[in-house]
Amino acid sequence: MSWASKIVDILKIPTPYFVGAAIISATVLFVPEQVATALGIDDLRVPVRPYFGVVFILSVTVLLVRGLAMWIETSARRKVLLDLSPDE
């Protein structure tokens, strides 16, 4: 299995999983120190911060691309519907 097919398999993951990954990684990366201590993730943050950073960037990128694709598709459908004649 090549790396390209692995990337395609990752992109087939449903959108809610990417939303969850973005929220969790953003929480680990950007939450204030006091809140991290209260959540018990203070010791976790330092050694895994680079991994959560990569997960955050990739998940947000996938979400932005999917949102843009959905917007383009919706505007294309709207254009087709507006170009219909009254008989259609």
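At 53% relative accessibility, Ile23 counts as exposed (buried means under 20% relative accessible area, exposed over 50%, partly exposed in between, with a 1.4 Å probe and protein chains only). Ile23 lies in helix H2, and the model that contains this residue is a predicted one, in which local features need pLDDT of at least 70, side-chain atom pairs count only at pLDDT 80 or more, and totals for chains, interfaces and linings use all residues. Residues are numbered from 1 along each chain as its sequence is written, and side-chain values use heavy atoms, with hydrogens and water left out.

**Overall form**

- The chain has four helices and zero strands, where helices (H or I, at least four residues) and strands (E, at least two) are DSSP runs numbered from the N terminus.
- Read from the N terminus on, the elements run α-α-α-α.
- The radius of gyration of the chain is 20 Å, whereas a compact globule of 88 residues would have one near 12 Å; the radius is taken over C-alpha atoms, and the globule rule is 2.2 Å times the number of residues to the power 0.38.
- The C-alpha trace spans about 65 × 40 × 15 Å along its principal axes.

**Surface and contacts**

- Of the 88 residues in the chain, 14% are buried.
- The accessible surface of the chain comes to about 7000 Å², and carbon and sulfur atoms hold 72% of that surface; accessible areas come from the Shrake-Rupley method with a 1.4 Å probe, and for residues only the protein chains shown count as cover.
- Among contacts in the chain with a separation of 6 or more, 63% are between residues 24 or more positions apart; contact means heavy atoms within 4.5 Å.

**Helix H2**

- The 16 residues of helix H2 (residues 15-30) should span 22 Å at 1.5 Å a residue, and the end C-alpha atoms are 22 Å apart, which agrees; the expected span is 1.5 Å times one less than the number of residues.
- Phe18, Ala22, Ser25, Val28 and Leu29 are the buried residues in H2.
- These residues cover an arc of only 140° around the axis, which puts them on the same side of H2; the arc is that of the directions from the helix axis to the C-beta atoms.
- Packing of the buried residues of H2 is against helix H1 (3-11) and helix H4 (42-82).
- Exposed residues Pro16, Ile23 and Ile24 are carried on the face of H2 turned away from its buried side.
- Ile23 and Ser59 are 36 residues apart along the chain, and their C-alpha atoms are separated by 9.4 Å.

**Helix H4**

- H4 bends by about 75° at Val48, and a proline, Pro50, follows within four residues; the bend is the angle between axes fitted to the seven residues ending at the named position and the seven starting there.
- Arg45, Gly53, Ser59 and Val62 are buried in H4, and the buried residues of H4 pack against H1, H2 and helix H3 (33-39).
- Phe56 lies in helix H4 and counts as partly exposed at 23% relative accessibility.
- Leaving aside neighbours within four places in sequence, Phe56 is in contact with Ala22, Ser25, Ala26, Leu29 and Phe30.
- Phe56 and Ser75 are 19 residues apart in sequence and 28 Å apart in space, C-alpha to C-alpha.
- Gly67 is also found in helix H4, where it counts as partly exposed at 30% relative accessibility.
- From C-alpha to C-alpha, Gly67 and Ala36 are 30 Å apart in space, and they are 31 residues apart in sequence.
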